[in-house]
Amino acid sequence: MHTESGSTDVVVLGGGLAGLRAASVAADAGARVTLLEKQRSLGGSAALSAGMFWTAPTMESYETRVPAGDRALAERIIDDYERDLESIRASGVFVADAATDDVMGFGRGFSFDVKAYLGHLEARLLEAGGEIRTGVRVRTADRSSTHRFRLLLDAEAGEAELHADAIVLATGGFQASPADRAAWMPDVGEEILLRSNPGSAGDGLRLATSLGTATAGDLGTFYGHLISHPVTGFTPERFMLFSQYYSDHGILVAADGRRFADESRGDELLNQDLAQLDGMRAFLIFDQQTRSTHGVSEPFASFGLIDRLELAVEHGARHAVADTLDGLVAALGRLGVEEAQLRRTLAGDVGISGLATRLSRSAPPTSAQLALLRTAPFYALEVQPAITFTLGGIAIDPRSRVIDVAGSPVVGLFAAGADIGGLSSYGYVGGLAPAHILGSIAGREAAAAC
Ligand SMILES: Cc1cc2nc3c(=O)[nH]c(=O)nc-3n(C[C@H](O)[C@H](O)[C@H](O)COP(=O)(O)OP(=O)(O)OC[C@H]3O[C@@H](n4cnc5c(N)ncnc54)[C@H](O)[C@@H]3O)c2cc1C
């Protein structure tokens, strides 16, 4: 087969937020840039997102949420946050005037029109002379005789060889690869639901490790939300509608009738806890007060009020409703939950469940949470975990330089966005803002390395 050959200064892998930002910044800095996107269209998970540009506002809040996280990386994200937010405002796309506080219980952020902004970055990259190729997948990368790297590409038109002095890895994590999930997160059930773009299947991590680089963070941890179960029509535009963001206002019980985590810590943590249970199913129990407030409110300003229970039920979720907690126990008994134990659980038994003993990271349940069940009627909705992106990944330093297994930066190799590991770890401090900030840094550094 004919193999075309070409060269450029910077190759960016991935056309989501981190990749488009890195490519546009590198092109603005004067580098010749080629952005490769594996799917037919750009945007990645960023284009499916709620557009909340948020992170931990202070190092103190960061350390409380991610005690084992990379402090140097977090400092850089927190320091650069305002500057990157201003550059989004300067693009002219919608950015909210007022901050949203308490994002995921501790964060601070601003809603913005993420789709319009991705379009802005694409246009800016092309204006600066950058090239964008979609439907192209990098098969391997190694050392080049003429430049630092040689990439072998599979494209619809055939194979191609691309030589470059810098690579930015921004392929969005490894959540879409069942084989990588089985290898890196053995505690998570294989059948976990994917709440992500389908292209982020570990290519960045594989390419980096093939060049002798290190991983960082806990590769078994991930970001996602609880989704009703069973669920029909779980298409990307409905990812957020089926997410049960308000689970911290109820209790979660497994089939043995026991709770297994402190629900007040937030849905993104409960989601990871549930993924470790055999069968990965639980019932979320809540009352009318929660249903009519947190159950319908919009966690991010993007899609208005919605009755999440009603929508879940319309799309096949197993559920129960009763005027008393006793009645709810009986109804859940008919759905296979261990009735006698559930009755004890609702009476305040927070004894560690056999399932819970396997959960190393989660906090144990507290009886205080039961006080949230007081206004009839009472509801139970079956839920399952879902994976949006992986939190462990490629090791980088605060200049987005990829670190090798000996602890030194690999000259010319950078990573940004959900491909990197160590910033979030079980505790989650945002996806879009870290992707943008590290994309900006990687773009500047990659241009300077050429
Ligand atoms: C429903 C939903 C809601 C969300 N809401 C928010 C929110 O409000 N706030 C927030 O902070 N975060 C949110 N997130 C997370 C956020 O979208 C991600 O953290 C962010 O998009 C990561 O950016 P990225 O560029 O690293 O990855 P992505 O945006 O996913 O882009 C990665 C791209 O790389 C491509 N790719 C993969 N492999 C290759 C390859 N070999 N070669 C070329 N290209 C490749 C993929 O196809 C994809 O297009 C949400 C995510 C989802 C799914």
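Which residue forms a salt bridge with Arg65, and how far apart are the closest N and O atoms? I looked this up before anything else, taking a salt bridge as a side-chain nitrogen of Lys or Arg within 4 Å of a carboxyl oxygen of Asp or Glu. The partner of Arg65 is Glu268, with 2.7 Å between the closest N and O atoms.

Notes on the model. I am working with a predicted model, in which local features need pLDDT of at least 70 and side-chain atom pairs count only at pLDDT 80 or more, while totals for chains, interfaces and linings use all residues. Residues are numbered from 1 along each chain as its sequence is written, and side-chain values use heavy atoms, with hydrogens and water left out.

Entry on the domains. I noted a division into domain 1 (4–219 + 391–448) and domain 2 (225–384), the bounds coming from an automatic or database domain assignment. I found the C-alpha centres of the two domains to be 33 Å apart. Counting contact as heavy atoms within 4.5 Å, I have 21 residues of domain 1 touching 23 residues of domain 2.

Entry on the interface. Domain 1 and domain 2 bury about 2,000 Å² between them, and 62% of this lies on carbon and sulfur atoms; buried area here is the accessible area (1.4 Å probe) that two parts lose on being put together, summed over both. Of the area that domain 1 buries against domain 2, I see 40% supplied by Leu193, Arg195 and Tyr426, which is more than any other three residues supply. The rule finds one salt bridge across this interface. I also recorded seven residue pairs in polar contact between the domains, both residues being at pLDDT 80 or more; such a contact is a pair of N or O atoms within 3.5 Å, where within protein one must be able to donate a hydrogen and the other to accept it, and residues adjacent in sequence count only if both atoms are side-chain atoms.

Entry on the overall fold. I counted 12 helices and 22 strands in the protein, these being DSSP runs numbered from the N terminus (helices H or I, at least four residues; strands E, at least two). The radius of gyration is 23 Å, close to the 22 Å that the globule rule gives for 450 residues, so the protein is as compact as a globular protein of that length; the radius is taken over C-alpha atoms, and the rule is 2.2 Å times the number of residues to the power 0.38. Along its principal axes the C-alpha trace spans about 75 × 45 × 40 Å.

Entry on backbone geometry. Most residues other than glycine have a negative phi, and most peptide bonds are trans. I found a cis peptide bond between His229 and Pro230, with omega about -15°, and placed Pro230 in the loop between β13 (227–228) and β14 (251–253). A cis bond also joins Ala376 and Pro377, with omega about -5°, and Pro377 lies in the loop between α11 (339–346) and β17 (378–384). Asp102, in strand β4 (residues 100–103), has a positive phi of about 65° although it is not a glycine.

The structure holds 25 salt bridges, and I checked Lys38 with Asp203, whose side chains meet at 2.9 Å, N to O. Lys38 lies in the loop between β2 (33–37) and β3 (52–55) and Asp203 in helix α6 (residues 203–210), so the pair ties together parts 165 residues apart in sequence. Ala47 is also in the loop between β2 and β3; its C-alpha is 8.9 Å from that of Asn197, 150 residues away in sequence.
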